[in-house]
Amino acid sequence: MARATSRNAKIGWTAAAWFVALLIFFPILYTIITSLKTEQEAIAGFDLIPSLTLESYQTVQSQNNYWRPFTNSVILAVGSTILALIVAIPAAWAMAFSPTRRTKDILMWMLSTKMMPAVAVLVPIYLIFLRTGLMDTRIGLTVLLMLINLPIVVWMLYTYFREIPGEILEAARMDGATLRDEILYVLTPMAIPGIASTLLLNIILAWNEAFWTIQLTTTNAAPLSAFIASFSSPQGLFWAKLSAASTMAIAPILILGWFSQKQLVRGLTFGAVK
Amino acid sequence: MATRQTQGLARLMRAPAIILLFIWMIVPLCMTLYYSFLNYNLLNPGMTSWAGWFNYQYFYTDPAFLESIKNTLILVLGVLFITVVGGIGIAILIDKPIWGQGIVRILVISPFFVMPPVAALIWKNMIMHPSYGVLADVAQFFGAQPVDWFAQYPLTSIILIVAWQWLPFATLILLTALQSLDTEQMEAAEMDGAPAHSRFLYLVLPHMARAITVVILIQTIFLLGIYAEILVTTNGGPGFASTNLTFLIYRAARLNFDIGGAAAGGIIAVILANVIAVFLMRAVGKNLD
Amino acid sequence: MTTTLRALMGATALCATAGLAAAQDNVTLTVATVNNGDMIRMQGLTSEFTAANPGITVEWVTLEENILRERVTTDIATQGGQYDVLTIGTYEVPIWAKQGWLVPLEFDEDYAVDDLIPAVREALSVDGKLYAAPFYAESAMVMYRTDLAEAAGVTIPEEPTWTDIMAAAKAMTDKSKEQYGICLRGKPGWGENMGFITAMANSYGARWFDTDWKPQFDSAEWKETTTDYLAMMNEYGPPGASSNGFNENLSLFQQGKCGMWIDATVAASFVTDPKTSTVADNVGFAKFPTKEGLDNRGNWLWAWSLAIPASSDAQDAAKTFIAWATSKGYTELVASKEGWRAAPPGTRTSLYENADYQKEAPFAAMTISAINAATPQKASVQDIPYTGGQFVAIPEFQGIGTAVGQQFSAALAGQMSAEDALATAQANTTREMTRAGYIK
């Protein structure tokens, strides 16, 4: 009896969960489906079964070589993330393990640097980039993206590090561990999951940045956000082509997200759990 | 543990991040402050002159200014409401023992990986378009007149799009919080015959308070700066119905190329954002300790 | 090619005269362009250009119109030098040329500069000097369904008045069959609904500003324009018209949902293309309507043109490229690859004298007569201090036009009355013009 109800309940919950999940995923699914249609089919009305043509992908590729912006996106996202981690890990470490009275204020201040609207500071930054020769360079954008995401990275690492119990360190020290051992054998293994999920989240944020990456690039450093801007409102409605370009722009990060979701989730608490 | 030596080391470790962010904050801020007192239009570079407070006055007397503040607040609160309530619901749903949990979770978090302009384009063209969108097809299937979303419910449409993008973030954080809930405590309450809704109200919700605070805090900072979604879909209209503060600054900076005006708008936006932040910290900050 | 060799050639180029340099050195041209069909075709034909000019490499920056305009304007105003060739319109050319941001273009005889259509050439010239070469140009006209007009028993004269148009719109509307008498732009934007509404207002005898730069939205002419525009769209227009721009209307017309569509002449080649249009065989053309008693057909004139920013460091190569892309030879190249219909329209008189083109493009005669009739130097029958047909050629117009466009869009969506929309437009525009120093 009890088993039957719990089985029924499971069926019910499963149905509900799948319904919600498919509803949320639908816009992405429909974009992928549309990308496999012909242009005529794409605006012909609701239809979940495409003719599975790769025509749109070919047109997109012939019009604007995908691999260059793709490479730039990878370099910018990974580069800025690694840079951010190099700067943020020591800072978050120090804040977590030798906190001062001001630690919380500093964290809040860091977050507040994200409050200036980007459009308002575009011209100053544009001029700086021009004068320093950073315009349309990967290094310039990498540093910029690092700065934009640094507050989030510090915050995430700090909250994760803080959950590492101090007693473990005490215990290790009692056993005669040196500082080097402490870091290498005790703290690092415990910190890895947090660092991994910070890394993933930051790659996602950097990949999806679509203001500076368009405004400060022309050809050499232009990533996939600029690639999308070349298809976004053409003359005429080319939704199959737009869908194909959109799919190409989001696919890499979507796949990365799917494969690493467990790691992503593990550290994505922002100190939400005590 | 906190000897003087480790304190010094800690300071050294903190320094690079703080110095970098300080430069990143102070240089644009000072330049923006300076520009905000200039008559500086990019299209008339020869005519730059000192403007005093004129840019500020011009910005806040803009006929769209008050509406844009209102829209900013509605946008932020609307998205927060949907993502927090929806996030709690979905988190509870996918925390249940269900078949295909992994896939469900992947599907639910997917919108988070979509670039904002792409998300706006998808929703505008494929979902909400009054003649070719999926929602129009659904309406026609039921014999109803398709809704012209961006003309009739501009702000609501934008809230929906942005909430769709941020729902996964909220869900994930709330899910981790939910999973850390003490199951024994829950089972005990269940044994005692506490009904589901009071278990939720007195056990689950208080446990999630901290996570909800984090969601609100982080999202607010991102939501105050939303403008790409507006630009792609409604362009701030009809009228000023979907113009928020950031979009107003965008209009000054990128349509009028009025650098002085945009700078003044930027400073006003920073001040307002800080007011909101202080208010937020007062309201929910105690959850963060 | 090795780096050393490249450096060597660069050095050689520095020593050589400018003229020689264009032909021989290794330069990379960065061409900024919009993602319209004709430009994408040009991008696809780049190899033909580089084959003829082995020293030049072409890098494309293709962006959608608004983002391109933002990027290019910021770059040129800050002397950024990121681009060597810009794709800009008749709106930017006079403004930027006056700022000294563009290089005047002088072509040799092969280019046949006198072959450029006079109205277009004039719109791209300042003080008699050409500052941009037209890639394709357009005016506006009525495109209508001959089969629907016949079925409804209406004829649309070649030179219609607005009364003719409204009568025809009424007769052709059958909402039960999703068939709407008239499709017009409603999406807010200075280059979207305000392009059409400004041209319509011109034909009603209205003007944006009087000679003291005072906005004129409180005038009787604007009121009449607005009332008729809203009446046509509400009664005979498609649902959701306040989000329809050029693209949406093009698609609606191609799918047979519009009886008439008044828009840019360049659309004619899309709606008569049997590959994309279901109504390709049943399209008729007429001039842009005018108000009875007036002879003003809107004066719409736009030319997507190629220009060289003064900050470019490869001006000679850029000129070589522009001369190629806007030449007669390029038109012939496109015609040989994709047929005459695909030739970029509206720039050269010789195209319209070409028998092959006339045969393949049924819209040719109407297009050229619309372009020739446009007088953007004096768009309104009243006295005006500005130039520009479907826009006002002042730097502030992008912002003002978009803000006013929002009001019209709101009125069309039924969120405010026509009077309120005009009053708000008047107040906003007065405010902006005072700030910009036009109104003393």
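**Contacts and confidence in a predicted complex**

In this predicted model, 21 residues from chain A and 21 residues from chain C make up the contact between the two chains.

Trainee: What makes two residues count towards the contact of chain A with chain C?

Mentor: The criterion is that their C-beta atoms, placed from the backbone, lie within 7 Å. On the side of chain A, the elements giving two or more residues are α6 (118–131) and α10 (212–215).

Trainee: Which residues does chain A bring to its contact with chain B, and how many?

Mentor: That contact takes 73 residues from chain A and 79 residues from chain B. Several helices of chain A give two or more residues, among them α1 (2–35), α4 (67–97), α7 (138–162) and α12 (239–259). The largest share, 16 residues, comes from α1(A). By class, this side of chain A holds 55 nonpolar, 15 polar and three charged residues.

Trainee: What separates C:Ser176 from C:Asp281, in sequence and in space?

Mentor: The two are 105 residues apart in sequence, and their C-alpha atoms are 24 Å apart.

Trainee: How do you know what confidence the predictor has in chain C?

Mentor: The mean pLDDT of chain C is 90, on a scale from 0 to 100. Of its residues, 94% reach 70 or more.

Trainee: Where in chain C does pLDDT stay under 50?

Mentor: That applies over residues 1–23 of chain C. For this stretch the model has 18 contacts beyond four places in sequence.

Trainee: Which scores does the predictor give the complex as a whole?

Mentor: The complex receives an ipTM of 0.89 and a pTM of 0.90.

Trainee: What does the UniProt record annotate in chain B, and over which residues?

Mentor: The unreviewed entry carries the annotation "domain: ABC transmembrane type-1" for residues 69–280 of chain B. In the model, this range is 76% helix and 0% strand. The end C-alpha atoms of the range are 17 Å apart.

Technical notes: Residues are numbered from 1 along each chain as its sequence is written. Chains are lettered from A and ligands numbered from 1 in the order in which they are written. This is a predicted model: local features need pLDDT of at least 70, side-chain atom pairs count only at pLDDT 80 or more; totals for chains, interfaces and linings use all residues. Helices (H or I, at least four residues) and strands (E, at least two) are DSSP runs, numbered from the N terminus. UniProt positions are given in the numbering used here, feature names are shortened, and annotations may be inferred rather than shown by experiment. Ala, Val, Leu, Ile, Met, Phe, Trp, Tyr, Cys and Pro count as nonpolar, Asp, Glu, Lys and Arg as charged, and the others, Gly among them, as polar.
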